[in-house]
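Please review the structure shown below. The briefing that follows covers the backbone, the ligand and the model confidence.

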Amino acid sequence: MRERYLYHVALLCIQRAVPQWVNRCMLTLLGTLTLGLTGCAGDLSILDPAGQAARDVVLIWWIMLTFATVVLIGVVALWLYTFKRKYQERTPQEERKIARCWIIGGGILLPVLSVTALLIFGVPTGKRMLPLPLSQPPEVIEVIGHQWWWEVRYPGAEGGEVVTANQLIMPAGEPVDFHVTSADVIHSFWIPRLGGKIDMLPGRTNVIRLEADAPGVFGGQCAEFCGTQHANMEFYVEAVEREEYDAWLAERQEERLAERALANDDFAQARDEFASTCASCHSVAGLSASTIGPDLSDIGARYTLGAGTLPMEEGAIHYWLENHQTLKPSNKMPSHNYMDTATLESLGAWLETLTP
Ligand code: HEC
Ligand SMILES: [Cu+2]
């Protein structure tokens, strides 16, 4: 309490002592700096690359930032100079000559040179992310954007395709081709620490090649406004060693997951409830097949619910079932609040057991 009081007095003193415009400038500067610095770290930071494609992108970013800063300083210096400059008498011809210099230099030469330089850096960077032929075909992972979640398919898994949602496991230290498309509107697939983004267009498959240097955990985010819950359309990326990747896929073979889903007799009623109420939209291996909503066959092993809306922990699924329209308003799962708490609780408890 007292600290707060002192803090306010101190703030008032500063406000009185310093002219208001200085105060405003300082606050703006501080605010911008803080905002800017928060972008430098974290699992979504392009400034902290974890793969060659992302390193190329960030190099261009630094070059552009430096160049833009130089241009800004130049323009401001010229602008200040116009205040200082003494008035000079000039003939109209001289005036025209100076104007022409500026138009040709600043209006034609500078942009042409800048764009050429950008192309020289940009083309090889873009090329790295193209799916050009390799001596050994790379791993393929399919990602399908939905409002507002991610369907992830591993067509190359030994023993049959593996399907999950909102999380992506990839082998580290080798190129991976992401084949992306959309089930509804345009989304954009982006793992900032691994490289550039790519649009997910309905009816078309785009491919982007990314590689993680080493095992690690990265964030992914939809990068194209796709409706009200666009911001809550995140995914979680984990790069692991090849053997771990293969083991992860093997664990998710359909028969294995189905066995797990049907095993526990305590949840027979929850399973029936699921079959009649949820199966029209959700797949659970051995029970149902639908891609209207995320595949729930390994939901117990996810890190988040609702594409990053809620951290996964004990009781989280039940919490989601009761509150998802408040947590992620107007998401495409209808409210099931007409069902009684006990039923939703047992559905949540059963889904939590669905781990490989
Ligand atoms: C009309 C289709 C539909 C029905 C019916 C439906 N859901 Fe969903 N469900 C969805 C969609 C779409 C999402 C994705 C929402 C989002 O994140 O934007 C979702 C998300 C979920 C999630 C979070 C999944 C994840 O990966 O984060 C769970 C858990 C879930 N639903 C369980 C259920 C249960 C249990 C039922 C039955 C009581 C049910 N759903 C009924 C469409 C449906
Ligand atoms: Cu989006």
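W148 is found in the loop that joins β1 (139-146) to β2 (149-154); strands (E, at least two residues) and helices (H or I, at least four) are DSSP runs numbered from the N terminus. The peptide bond leading from Q147 into W148 is cis, with omega near 0°. This is a predicted model, in which local features need pLDDT of at least 70 and side-chain atom pairs count only at pLDDT 80 or more, while totals for chains, interfaces and linings use all residues. Residues are numbered from 1 along each chain as its sequence is written, chains are lettered from A and ligands numbered from 1 in the order in which they are written, and side-chain values use heavy atoms, with hydrogens and water left out.

**N166**
- N166 lies in the loop between β3 (162-165) and β4 (167-171).
- Although N166 is not a glycine, its phi is positive, at about 60°.
- An N or O atom in the side chain of N166 is 3.2 Å from an oxygen atom of ligand 1, a polar contact (a pair of N or O atoms within 3.5 Å).

**Further polar contacts of ligand 1**
- A polar side-chain atom of R302 lies 2.6 Å from an oxygen atom of the ligand.
- A polar backbone atom of G306 is 2.6 Å from an oxygen atom of ligand 1.

**Confidence**
- The chain averages a pLDDT (the predictor's confidence in each residue, from 0 to 100) of 88, and 90% of the residues score at least 70.
- Mean confidence is lowest in helix α1 (residues 2-17), at 59, and highest in strand β6 (residues 187-189), at 97.

Terms used:
A polar contact is a pair of N or O atoms within 3.5 Å; within protein, one must be able to donate a hydrogen and the other to accept it, and residues adjacent in sequence count only if both atoms are side-chain atoms.
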